[in-house]
Amino acid sequence: MRWQPPGFDGGREITHYVVEQKGKYDLDFLEVYQTSQPLCEASLGDLREGQVYEWRVRAVNKAGLSKPSEPTDKHVAKHRNRE
């Protein structure tokens, strides 16, 4: 997945990003991935085929975690060789 960096970093350089995921039956978002650098992309694994997911991203800098981005639309996980 890829995203755009925030328009404002709060005055401190972004060090990395946290990706949060919510399944169809989950009550809240859970952290599932941290980038090792301030790159705006992640490759997520351990998705269950047929399961519905949403994601959101938080930027991290010396001040801590940002507010989360707006969640993505809901997506159904499919095997990558299937349409």
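At 8% relative accessibility, glutamate 20 counts as buried (under 20% relative accessible area, with exposed meaning over 50% and partly exposed in between; 1.4 Å probe, protein chains only). This is a predicted model, so local features need pLDDT of at least 70 and side-chain atom pairs count only at pLDDT 80 or more, while totals for chains, interfaces and linings use all residues. Residues are numbered from 1 along each chain as its sequence is written, and side-chain values use heavy atoms, with hydrogens and water left out.

Arginine 56 comes to 2.5 Å from glutamate 20, N to O, and arginine 58 to 2.9 Å. Arginine 58 sits in strand E3 and glutamate 20 in strand E1, 38 residues apart; strands are DSSP runs of at least two residues, numbered from the N terminus. Both arginines are buried, arginine 56 at 15% and arginine 58 at 17%.

The structure holds three salt bridges. One of them joins glutamate 41 to arginine 2 at 3.4 Å. Glutamate 41 lies in the loop between E2 and E3 and arginine 2 in the segment before E1, so this pair ties together parts 39 residues apart in sequence. Here glutamate 41 is partly exposed at 43%, and arginine 2 is exposed at 69%.

Methods: Salt bridge = Lys/Arg side-chain N within 4 Å of Asp/Glu carboxyl O. Helix = DSSP H or I, 4+ residues; strand = E, 2+ residues; numbered from the N terminus.
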